[in-house]
Amino acid sequence: MLEYKKLLQIILWEVLVNSVLNQLKGEVIVSSQAMPGEPLYDEKCMLAMMESVIIGGAKVLRVAGTRDVRNAKNLGVTVIGLTKPDKLPENWTNVVYITPTLKEVDELINAGADIIAFDGTSRKRPNNCTLSEIIARIHETGKLAMADISTFEEGINCAKLGADIISTTLAGYTDESGKAGNTPDFELLEKLVNTINTPVILEGRIWEQHEVKKAFDLGAYAVVIGSAITRPQLITKRFMEYENA
């Protein structure tokens with residue numbers, strides 16, 4: 001009887017995982033985020049932003065903080081939730097700040113996120129929390145674990161630990177991965193896709209349609225776009241620098 005129950009639990013879990021992953025496959029996921037102090041951080045502004053990208057066709061949102069997770073869920077879309085501090089630390093390239101501990105994981109779960117995104121790098125986490133503990137807690141509550149990594153080795157490690165999704169979110173933004181260029185890290189995406197069976201998402205520095213197409217041609221499970229859609233100040237700045245184009 002115990003073996004039957006365990007087998008049933010495994011089957012139900014696989015059904016759940018496949019169901020959520022199917023909602024991501026082939027999608028352009030929109031990261032709708034703003035930092036405190038920015039004009040769009042106001043709740044009504046963020047809600048309007050989320051509603052706008054959904055009208056534009058987004059079916060999956062990546063949002064920061066429990067407030068925006070709850071609001072996004074009320075809009076009827078699949079939600080990838082994460083937490084960030086109100087202000088990034090000065091040495092942010094060497095600090096774990098995306099959903100760093102079990103406390104933040106629990107907050108996102110209670111807010112209703114379908115997928116919990118967390119820092120999946122090799123850097124030391126606060127409170128001696130481990131990646132294994134983070135992933136286990138997420139799975140215990142029936143949610144999917146999305147590891148934001150910066151290097152090939154980190155992606156391999158998180159896949160081995162049981163992360164359901166690997167994302168290149170932090171590539172070029174950590175001391176381990178080096179300074180970010182102006183284009184997405186297609187090389188990292190391709191290496192991961194050709195090495196692991198875990199779905200790999202491309203995120204970071206995507207500004208053009210042809211980059212989205214290239215990502216899918218290389219085997220990306222989905223693509224996350226943030227600044228190019230939801231950060232007006234960066235979009236404006238980019239056009240103001242037309243002489244450098």
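Mentor: We begin with accessibility: buried means under 20% relative accessible area, exposed over 50%, and partly exposed in between, with a 1.4 Å probe and protein chains only. The model is predicted, so local features need pLDDT of at least 70 and side-chain atom pairs count only at pLDDT 80 or more, while totals for chains, interfaces and linings use all residues. Residues are numbered from 1 along each chain as its sequence is written, and side-chain values use heavy atoms, with hydrogens and water left out.

Trainee: Why is Glu 27 called buried?

Mentor: Glu 27 has 17% relative accessibility. The limit is under 20%, therefore Glu 27 counts as buried.

Trainee: What makes the contact of Glu 27 with Lys 59 a salt bridge?

Mentor: A salt bridge is a side-chain nitrogen of Lys or Arg within 4 Å of a carboxyl oxygen of Asp or Glu. For Glu 27 and Lys 59 the N to O distance is 4.0 Å, so the pair meets the rule. The pair links distant parts of the chain, 32 residues apart: Glu 27 is in the loop between helix H1 and S1, and Lys 59 in the loop between helix H2 and strand S2. Helices (H or I, at least four residues) and strands (E, at least two) are DSSP runs, numbered from the N terminus.

Trainee: How many salt bridges does this rule give?

Mentor: The count comes to 13.

Trainee: How do you know that Arg 137 and Glu 140 are separated by about one helical turn?

Mentor: Arg 137 and Glu 140 are three residues apart in helix H5, which means about one turn between them. An α-helix has 3.6 residues a turn, so residues three or four places apart point the same way. The closest N and O atoms of Arg 137 and Glu 140 are 3.8 Å apart, and the two residues form a salt bridge. Arg 137, at 25%, is partly exposed, whereas Glu 140, at 62%, is exposed.

Trainee: What makes the buried residues of H8 line one face of the helix?

Mentor: Glu 211, Val 212 and Ala 215 are buried in helix H8. Seen down the axis of H8, the buried residues fall within an arc of 105°, so they line one face; the arc is that of the directions from the helix axis to the C-beta atoms. The face turned away from the buried side carries the exposed residues Gln 209, His 210, Lys 213 and Asp 217.

Trainee: What covers the buried residues of H8?

Mentor: The cover includes strand S1, helix H7, strand S9 and strand S10, where contact means heavy atoms within 4.5 Å.

Trainee: Which strands make up the closed barrel?

Mentor: The eight strands run S1-S2-S3-S4-S5-S6-S9-S10, with parallel pairing.

Notes:
Two strands pair if DSSP finds at least two bridges between them.
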